[in-house]
Amino acid sequence: MDTFAALAHGMAVAVQPMNLLYALIGVFLGTAVGVLPGIGPALTVALLLPVTYKLDPGGSLIMFAGIYYGGMYGGSTTAILINTPGESASMATALEGNKMAKAGRGGPALATSAIGSFVAGTIATIGLAFLAPWLVDFAVRFGPEDYFALMCVAFVTVSATFGDSPVRGLTSLFIGLTLGLVGIDKLTGQARLAFGVPELLDGVEVTTLAVGLFAVGEALYVASRRHHTEEKLEPVRGSLWMTKEDWKRSWKPWLRGTMFGFPIGALPAGGAEIPTFLSYSCEKRLTKYPEEFGKGAIEGVAGPEAANNASAAGTLVPLLTLGLPTSATAAMMLAGFQQYGLNPGPLLFAERPDLVWGLIASLFIANCMLLVLNLPLVGLWVRLLAIPQPWLYAGILVFATMGTIAAKPSVVELSMLAGFGVLGFLMRRFDFPIAPVVVGLILGPIAESQLRRALAISLGDPMTLLQSPISATLLGLALIALLAPFVLKGMGRFKANED
């Protein structure tokens, strides 16, 4: 009953006129950027972080959550219409969705995508509401050594699963951890890695790093690619609505996709790509129409899209209850929390229940808004694709610079923005994942303080990290997650040599 009461209180917060406006802005922007290839929700949240610096924390976070959900919806539109996934999680949708569009069934493909996302998002948000308090009760028992071990799991899983190479992921992580050391040491009061620059004594701003890596880096990377293949826009022909047969073939994949997306999205190494492809494989095996797969089977759109949106709600479970980001957008949302001096975790549920439950309740409203927006506005989203890339990215650079100046007017801050932009470009150029850098900067100082606290309590005995069952288990999981990619790669090479 406590969850129902908290959710009712959260709904009262979410339906306030300003919060409804924030949610509407969020879902509109999220859908719009999800449609544009290469500009995902992570980049949008990064751009808006400095702009929302002086806004109400609750409203800003509701807007960020709306962008996240909207980005997941919007990515499917281009995946279906022009075979260009706006988000990596929409790649599975493109396999069958684009074939349906070319066969003149783009309308039903977009409809099953939107309705499936709504169904999955609603079920997964209910799961978030009921699972979060249980996880909070568990997390309250954590000691400093347990929190440090949990951070180690987050570091390893994020760096090992983002990108193709675990070594590159770990390199990105260590760049973030090094940046986290900049500033005054809270224990000794000594300056670290400040190089005599007064502006660096407060540390590296997460917003400056995020905007530099995501927005400026992406703009520089796009500008560096001289040859672009022009995509032909595929018009939506026929009715937008689904037939009775389409409904019959879609509802089970929606539910199965939700079952894949939510639990995998909630895992520290989950993400949205894995459940979408698992859902696609599952539907391919269970379908009564195997001959349609590869030619435009509606189940191949319904299942992956449901898994995609369910995983978005799943990623909010570890973010809100433990403070662990499991995707690039979740890392940006964590930066949004820290911008307002808030640390997601069990204490946030006790200290700011109105903010947390208002955010969870707003997800239900965002889902309804997205359903209303996506079906009638398909024509508008398609027109957005016609914006010339030079205009688009020039606007992003101006917006990024102005936002950074508004948040912290300083020559040093602008120089850091430019430096992080070049770093972001080089990381994209040489295929280094970007999210681990942001995660390292945010979680690095927290992990350091928890480790030092644990060592202070045990009078410097490092074995204290293994004496707690929770800490020992989490460190074991972190070690397995660290070694598994290398072992699997070695086994693959061994098998290839044998063959």
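Is Lys284 buried, partly exposed or exposed in this structure? At 47% relative accessibility Lys284 counts as partly exposed, where buried means under 20% relative accessible area, exposed over 50% and partly exposed in between, with a 1.4 Å probe and protein chains only. The model is predicted, so local features need pLDDT of at least 70 and side-chain atom pairs count only at pLDDT 80 or more, while totals for chains, interfaces and linings use all residues. Residues are numbered from 1 along each chain as its sequence is written, and side-chain values use heavy atoms, with hydrogens and water left out.

**Overall architecture**

- The protein chain comprises 21 helices and two strands, helices being DSSP runs of H or I with at least four residues and strands runs of E with at least two, numbered from the N terminus.
- Of the 499 residues in the protein chain, 55% are buried.
- Among the contacts in the protein chain with a separation of 6 or more, 79% join residues 24 or more positions apart, contact meaning heavy atoms within 4.5 Å.

**Helix packing**

- The axes of helix H6 (residues 106-139) and helix H15 (residues 353-374) come within 9 Å of each other and cross at roughly 175°, which makes H6 roughly antiparallel to H15.
- Axes here are lines fitted to C-alpha atoms, for helices over the stretch in contact, with angles from 0 to 180 degrees between N-to-C directions; angles under 35 degrees count as roughly parallel, over 145 as roughly antiparallel, 65 to 115 as roughly perpendicular and the rest as oblique.
- Residues making the contact include Phe118, Gly121 and Thr125 of H6 and Trp357, Phe364 and Asn367 of H15, and the contact residues divide into 13 nonpolar, six polar and no charged.
- In that division Ala, Val, Leu, Ile, Met, Phe, Trp, Tyr, Cys and Pro count as nonpolar, Asp, Glu, Lys and Arg as charged, and the others, Gly among them, as polar.
- Helix H9 (residues 206-224) and helix H19 (residues 435-457) have axes that come within 10 Å and cross at roughly 175°, and the two are therefore roughly antiparallel to each other.
- Val206, Leu209, Leu213 and Phe214 of H9 meet Val437, Val438, Leu441 and Ile442 of H19, a set of eight nonpolar, no polar and no charged residues.

**Cavity and pocket**

- A search of the whole structure finds one cavity of 30 Å³ or more, and the largest cavity holds about 70 Å³ of space.
- On a 1 Å grid over the protein atoms alone, a cavity is a set of points where a 1.4 Å probe fits but cannot get out, a pocket is an open set with protein on both sides within 12 Å along at least five of seven lines, and lining residues have an atom within 4 Å of a point.
- H6 gives the most to the lining of the largest cavity, with four residues, and Ser113 is among the residues closest to its centre.
- Ser113, in helix H6, counts as buried at 3% relative accessibility and, leaving aside neighbours within four places in sequence, is in contact with Ser76, Ile80, Val301 and Glu305.
- The second largest pocket is lined by 31 residues, of which H19 supplies the largest share, nine.
- By class, the lining of the second largest pocket has 15 nonpolar, eight polar and eight charged residues.

Conventions
Points joined across faces, edges and corners; volume = space filled by probe spheres on them.
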